Amino acid sequence: MNLQNYNRVLVETKSYDARLVAVSKTRPVEAIKAMYSKGQRIFGENRVQELVEKKDLLPEDVEWHLIGHLQKNKVKYIAPFVQMIHSVESWELLNEINKRAMQHERVIDCLLQMHIAQESSKFGMNLEELNSLLERLQSEGLTNVRVVGMMGMATFTDVIDDVRTEFRYLKSLFDTTKETFFKEDADFKEISMGMSGDYDVALKEGSTMVRVGSLIF
Ligand SMILES: *Cc1c(COP(=O)(O)O)cnc(C)c1O
């Protein structure tokens, strides 16, 4: 791990009262253990199989977050232990997470992933998809998932103004959603945005959770 960068990102993140998700995908268990020994507890992985394999090799009090695209048929493998899923993109997926969480008598925190980038390759919902998911959630209700906020990935670019615009858009979507669907719900408070190249911009724009990997490992 890069201790100097880790400390810098941590101090900055804390100064905004936000949390750091250390993105440990592709990193060896030894590197994760080193960061754990510095006090880091939240780790993010983007592949189910890798997450399941690493989980058993690390202490019980690690908080595992799934940050990447998740297929419905793989939810069952992480449902027994995952703390938060950042990448909910459909009602069907949310419903599956709820069903599997129920089997383990757990409640799993979920973020709604929005498409905010210019690239068409990035995952996430548009406004219409978001609203139809929220309307179903409101009418049907789910007991074993807690929708705690939103996630987004900005365009991969050096043009910082473009990135800032996309983060502002996600923040405005969050605010509108909070007002319309979660007004009385104190749990709906997270905005997961910002990675190695843009976490500082994200924090300024209201991120509560940055997902940083290459810079700190
Ligand atoms: C890999 C990844 C990150 C971290 O990216 P870095 O540029 O290495 O900080 C954050 N979020 C998601 C969804 C990722 O897949």
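Author: A polar contact is a pair of N or O atoms within 3.5 Å; within protein, one must be able to donate a hydrogen and the other to accept it, and residues adjacent in sequence count only if both atoms are side-chain atoms. Here an oxygen atom of the ligand lies 2.8 Å from a polar backbone atom of Gly-213. This is a predicted model, in which local features need pLDDT of at least 70, side-chain atom pairs count only at pLDDT 80 or more, and totals for chains, interfaces and linings use all residues. Residues are numbered from 1 along each chain as its sequence is written, and side-chain values use heavy atoms, with hydrogens and water left out.

Reader: Where in the chain does Ser-196 lie?

Author: Helices (H or I, at least four residues) and strands (E, at least two) are DSSP runs, numbered from the N terminus. Ser-196 is in the loop between strand E7 (190-192) and helix H8 (199-204).

Reader: What does the side chain of Ser-196 join through a polar contact of 3.3 Å?

Author: That contact is with the side chain of Ser-214. A polar atom of the Ser-196 side chain also lies 3.0 Å from the backbone nitrogen of Leu-215.
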